[in-house]
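Colleague: I have just opened this structure and would like to talk it through. Could you begin with the surface and then move on to the fold and the charges?

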Amino acid sequence: NAKKYQTEIMELKNMITALKKSLDEGNSRLDQAEKRISELKERSLEINHRSKRKKRKRVKISKEKSLS
């Protein structure tokens, strides 16, 4: 009887270990996804900022041409 319980306990420990590993892998993937999203947001902001600067420059040049 004691042997049976020891076997069950070992099986439960193995299951817990496997679950922890799965959770760690899932958390790692989530961290990677969050990092990538952050990088893409930052890049998007940079592109948007550059685009606004170019637009302001074009408007300024256009105004200067119309004044001359």
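Modeller: The accessible surface of the protein chain comes to about 7000 Å², and 56% of that area belongs to carbon and sulfur atoms. Accessible areas come from the Shrake-Rupley method with a 1.4 Å probe, and for residues only the protein chains shown count as cover. Please note that this is a predicted model: local features need pLDDT of at least 70, side-chain atom pairs count only at pLDDT 80 or more, and totals for chains, interfaces and linings use all residues. Residues are numbered from 1 along each chain as its sequence is written, and side-chain values use heavy atoms, with hydrogens and water left out.

Colleague: How many helices and strands are there in the protein chain?

Modeller: The protein chain has 1 helix and 0 strands. The radius of gyration is 29 Å, well over the 11 Å that the globule rule gives for 68 residues, so the chain is more spread out than a compact globule. The radius is taken over C-alpha atoms, and the rule is 2.2 Å times the number of residues to the power 0.38. Helices (H or I, at least four residues) and strands (E, at least two) are DSSP runs, numbered from the N terminus.

Colleague: What does the C-alpha trace span along its principal axes?

Modeller: The trace spans about 100 × 5 × 5 Å. As an example of separation along the chain, the C-alpha atoms of D24 and E46, 22 residues apart, are separated by 33 Å.

Colleague: And what share of the 68 residues is buried?

Modeller: Buried residues make up 0% of them. Buried means under 20% relative accessible area, exposed over 50%, and partly exposed in between (1.4 Å probe, protein chains only). D24, in helix 1, counts as exposed because its relative accessibility is 53%.

Colleague: Changing topic, how many salt bridges does the structure hold?

Modeller: The structure holds 1 salt bridge (a side-chain nitrogen of Lys or Arg within 4 Å of a carboxyl oxygen of Asp or Glu). E39 pairs with R36, and their closest N and O atoms are 3.7 Å apart.

Colleague: Where do those two sit relative to each other in helix 1?

Modeller: E39 and R36 are 3 residues apart in helix 1, so about one helical turn separates them. E39 is partly exposed at 37% relative accessible area, and R36 is partly exposed at 47%.

Colleague: Which residues form the positive surface patch?

Modeller: The patch is formed by R43, R50, K52, R53, K54, K55, R56 and R58. Patches are made of residues with over 30% relative accessible area and no salt bridge, with like charges joined within 9 Å and nonpolar side chains (Val, Leu, Ile, Met, Phe, Trp, Tyr) within 5 Å. K52 is found in helix 1, residues 2-67, and is partly exposed at 49% relative accessibility.

Technical notes: Lys, Arg positive; Asp, Glu negative; His and termini not counted. Charge placed at Lys NZ, Arg CZ, Asp CG, Glu CD.
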